[in-house]
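I opened my notebook to look up a few things in this structure. Here is what I checked.

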Amino acid sequence: MGASLPPKEANLFKLIVKSYETKQYKKGLKAADAILKKFPDHGETLSMKGLTLNCLDRKSEAYELVRMGLKHDLKSHVCWHVYGLLYRSDREYREAIKCYRNALKRDPDNIEILRDLSLLQAQMRDLTGFVETRQQLLTLKPNHRMNWIGFAVSHHLNSNALKAVEILEAYEGTLEDDHPPDNERCEHGEMLLYKVSLLEESSSMERALEELHKKELKIVDKLDYKEQEVSLLVKLGRLEEGAELYRVLLSMNPDNYRYYQGLQKCLGLYAENSQYSPDEIERLDDLYKSLRQKYSWSSAVKRIPLDFLQGEKFREAADNYIRPLLTKGVPSLFSDLSPLYDHPGKADILEQIILELEYSVRVTGAYPGRVEKEPPSTLLWALFLLAQHYDRRGQYDMALSKIDEAMEHTPTVIDLYSAKSRFLKHAGDLAAAAALADEARCMDLADRYINSECVKRMLQADQVPLAEKTAVLFTKDGDQHNNLHDMQCMWYELASGESYFRQGDLGRALKKFLGVEKHYADITEDQFDFHSYCLRKMTLRAYVEMLKFQDRLHSHAYFHKAAAGAIRCYLKLYDSPIKSTSEEDDDMSKLLPSQKKKLRQKQRKAEARAKKEAEGKNEESNVTGVSKSGKRPVKPVDPDPHGEKLLQVEDPMSESTKYLKLLQKNSPESLETHLLSFEVNMRKQKILLAFQALKQLLRLNAEHPDSHRSLIKFFHKVDSMPAPTTDTETLIWSVLGAERPLISQLQGNSLVEANMNFLKNHQDSLMHRAAVAEVLYLLEPGRKSEAIALIEDSNNNTVPNTNGALGPVREWKLKDCVTVDKLLKTYLVDDDAALRWKKRCAEYFPYSTYFEGSRSSAVPGSAYNQNGSANHADHEHNAGSIAVNGNMEAFKDLNIQS
């Protein structure tokens, strides 16, 4: 480096490099300018100056200088290396790899360039190149531990686990007396466990177990050692030894569910579907009774039997499990019991148990069959549990009645207010739910979880401005509204995006959904730093797991929601394009002068309101954004805060295809993925791709209403297409002609007949009948009244086996009824039928604001009308009261009932 310079300037060049490494960028620039004053065409100095400027966020100058340096010294490995570093800083990894390869042509044995290249190859999963680079590094520097480990990991990632084992054994052979230094014992132990996991992965179980036993004394992490040993024993079929080792592990941690599951497997008493014969249940019961005597303090050993016990034994075990937790006052008891509601018959038994306990504590102050009195709080938690039970079963009247009783008993328990808010949300009164969640928040202003739950309820009620002001109470000082994005608060962005989408604000909705997508891109980039760190620290198993996690990162539920939300926005944008300025002017010219005046006034008010909000945010930022040193942190201003530029896309469908491909790759088993693919490709006139999506829908669930709707829509569209004129169209028709007879629903049937057959198979399902009605109107618009009758003739039957103490549970869900209402209003376009449907649903869902049920906050004079009014008018008022420390007036004359 700097070899062509005189000694003085060569030393200055070394100073530039050192200043860059120590982040003393101004010092480096000063040295670079001193060299360039005498040698203005020195390529390496120009490149290093560019790299330094890049660190000062002067990117355009940086690229210009580096390219100029490369132009003056094309054969310098330094110039190519710097160019690669510049691309790497901008996440242009493929371009960076090209630059590194060019640098290596000039200096093949440069360890720094090889190391940087290997990191990029690991990041981009160029595994063959990764192996070659790591081998080259090991050849150049065989006395460096990290090079041995990196070479082994590269072979492992390239699906050659046994070769990785050979490399690790060769490295062990380089150690004196096969023993690492004392200060590296932990790292060496990790490497040995990694080697055993490699042998296990390559199905060399006997060898892996032998290696593990041989290296026992050198492995520091004894818990991992035992877990690895028991895993190998079970895979080798040595179940008796495995059972003994699982008992040892249970003595170390008797609340670890995996250990109990492993013990059951070793004893031949484990089933994935939790279906056991009477004999197996008896043996399991005996097993857990013996374990309970040994680990009486463990909650797992008491909870697990509830999953397999039946009848009276289940009743007795559940009763014994619930009682002490009610006495202790464990708010999460219902969450613990909720999986049991999926087991036939157990929900009814739980209801009987809770009702008996609640009645006995209320009347006698003690549990049934007990003389000892319970503390007053036991009744409170019994009512709380009972309310959650009724909510789970859809009996919202009883749930709200019991939670009100609990709140009257002890008005200071925040969990009660949060639970009631949740019940109201389930019942359909989102405005009242948000108001109650805000009341709970005001009872403890320092609780971040309750604040977040309140924000979530507000967003569900479409109170976005109020939700934002509540959310930023827990963000850092400074630009608070951007902090939620900087903190990668994805649940907030998704809920906010969904709210904006419901309100028709596609720009803001897209902004939120694409913000979540950006977080996943950042998470992918964040792995870069770990490629060298994990090899240095020897956390090899965790490193490989992290890489596997990164490879399936986009299959995460939050990414799926964000991508699906963005695609739905683009579909809506395609169906209803945003008007251009000229079109808006044309519309304005058609209005009367008085209407124009009103419209302009409305626009001016909206602009003034937006300006005032922006100023308010700036003032908040100015007041709170000053650091202790008096300097204000400079953050880039968002040029498109409302997502207006995102709406100005020329082709919404090509944008949606980007996210659709990610969903198809990472969520192929999701019905929504293929439904969105069908909708996008039908709009793009990509018939074969739409048919491919349709086949996936039929594969996943042919009986789903959306699958049926898509099937009929597709072939109705195909049948209405003109005869093929080109070779491509002829080929498409021939493919569809060959595939159509293979679809069982259409074999020998017209589309109308297939639709009616679908109805016969799903007579009692509301959503299936709605799908049939929609398709019938599509095929034969003249049968509109018949289609509406199909919906109106649906019966809200009771769910089988739910005749609890307070009556049966109905099948219809509020969400489905809302979907049907929108179908009647927007597709079938029958206001009278929609009104009849609304009245009918208002009876089934009396708390629903959508259907204006008699007990909802949408009805004047109802119990929740006062709370729910926040949704309509009082955003400003409520926002102003956020900072107040709750409303303590209610607690002045507080009485705790016993």
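This is a predicted model: local features need pLDDT of at least 70, side-chain atom pairs count only at pLDDT 80 or more; totals for chains, interfaces and linings use all residues.

Residues are numbered from 1 along each chain as its sequence is written, and side-chain values use heavy atoms, with hydrogens and water left out.

I found H768 in helix 42, residues 766-779 (helices are DSSP runs of H or I, at least four residues, numbered from the N terminus). Not counting residues up to four places away in sequence, H768 touches E703, H704, P705, F758 and H762 (contact means heavy atoms within 4.5 Å).

Next I went to A300, which sits in helix 17, residues 300-303. A300 is buried, at 0% relative accessible area. Leaving aside neighbours within four places in sequence, I saw A300 in contact with P254, D255, Y257, Y260 and P305. D255 is 45 residues from A300 along the chain, yet their C-alpha atoms are separated by 5.2 Å.

How many disulfides does the structure hold? I got zero (a disulfide is a pair of cysteine sulfur atoms within 2.5 Å). For C841, the closest cysteine sulfur is in C817, at 4.0 Å, so that is too far for a bond. C841 is buried, with 0% relative accessible area, while C55 is partly exposed at 31%.

Methods. Buried means under 20% relative accessible area, exposed over 50%, partly exposed in between (1.4 Å probe, protein chains only). Helices (H or I, at least four residues) and strands (E, at least two) are DSSP runs, numbered from the N terminus.
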